[in-house]
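I opened this entry to keep track of what I looked up. My plan was to go from the whole chain down to single residues.

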Amino acid sequence: MIGEIGFLELLPATHVTSAGTVNGTVIDLGTNFISVGKRAIKVVLSVDAVSGTSPTLSVRIQEGNEASGSDMADIHTFPQITTTDTFAIADVHVTKRYIRAVRVTGGTTPVYTVACVAAAVERFV
């Protein structure tokens, strides 16, 4: 039986102040989420503030079968963000048990305020 919507924090709301790559926490979709065929999740990316010299932000959603995240592969990439007050929503189809978001920032002294969350349908057992 289908139940309620479960919210997943892929990248916690963060004030980013340096260039580099950050892997989000690996989230176990396990048996609590609809697992017939592909799991459709809605992913929301929110960027409130952007500054720095030529700042860039890329966010990818990955999936894998290992809890360690060692086998993660990209399944969705948001368009690169360079401006303030950007909001993006994507329907992402997940076929593996684990997911995470990856944040890549570039430019000289980039500063971003960013968050990424997902919603998935939970089922009652």
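My notes follow, from the overall picture to the details.

**Overall**

I am working with a predicted model. I checked confidence before anything else. The chain averages a pLDDT of 86, and 86% of the residues score at least 70.

I then listed the elements. I found seven strands and zero helices. Read from the N terminus, the order is β-β-β-β-β-β-β.

Next I looked at burial and contacts. Of the 125 residues, 39% count as buried. The chain exposes about 6,600 Å², and carbon and sulfur atoms supply 53% of that area. I also took contacts between residues at least 6 apart in sequence: 84% of them join residues at least 24 apart.

**The core**

Which residues have the most contacts inside the largest nonpolar core? I noted Leu10 and Val43, in a core of 27 residues. Strands S1 (2-16), S4 (39-64), S6 (86-94) and S7 (98-123) each supply at least two residues of this core. S4 gives the most, with eight. I kept the general rule in mind: in soluble globular proteins, nonpolar side chains tend to be buried together.

Leaving out residues up to four places away in sequence, Val43 touches Leu10, Ile61, Phe78, Ala88, Ile89, Ala90, Val92, Cys116, Val117 and Ala118.

Ile61 was my next stop. Ile61 lies in strand S4. Is Ile61 buried or exposed? Ile61 counts as buried because its relative accessibility is 0%. Beyond four places in sequence, its contacts include Leu10, Val43, Phe78, Val92 and Cys116. Ala73, Asp74, Ile75 and His76 are also among the residues that Ile61 touches.

**S4 and S6**

I checked how these two strands pair. S4 and S6 run antiparallel, joined by nine bridges. One that I wrote down pairs Ala40 with His93 in S6.

S6 has two faces. The covered face holds Thr86, Ala88, Ala90, Val92 and Val94. The uncovered face holds Phe87, Ile89, Asp91 and His93.

**His15**

I went to strand S1 for His15. His15 counts as exposed because its relative accessibility is 52%, and the cut-off is over 50%. What does His15 touch, beyond four places in sequence? I found Val111, Tyr112 and Thr113. With Thr113 there is a polar contact, side chain to side chain, at 3.1 Å. I also logged Asp48, which is 33 residues from His15 in sequence and 9.6 Å away, C-alpha to C-alpha.

**Positive phi**

Last, I looked at backbone angles. Most residues other than glycine have a negative phi. Ser54 has a positive phi of about 50° although it is not a glycine. Ser54 sits in strand S4 and is exposed, with a relative accessible area of 59%.

Thr109 also went on the list. Its phi is near 45°, a positive value in a residue other than glycine. Thr109 lies in strand S7. Thr109 is exposed, at 56% relative accessible area.

Notes:
Residues numbered from 1 in each chain as written. Predicted model: local features only at pLDDT ≥ 70, side-chain atom pairs only at ≥ 80, totals over all residues. Heavy atoms only, no water. Core = buried A, V, L, I, M, F, W, Y, C linked by side-chain atoms within 4.5 Å. Buried < 20%, exposed > 50% of the residue type's maximum accessible area, 1.4 Å probe, protein only. Helix = DSSP H or I, 4+ residues; strand = E, 2+ residues; numbered from the N terminus. Contact = heavy atoms within 4.5 Å. Pairing = 2+ DSSP bridges. Polar contact = N/O pair within 3.5 Å; in protein donor to acceptor, adjacent residues only side chain to side chain. Areas by Shrake-Rupley, 256 points an atom, 1.4 Å probe, with all protein chains shown as cover. pLDDT = per-residue confidence, 0-100.
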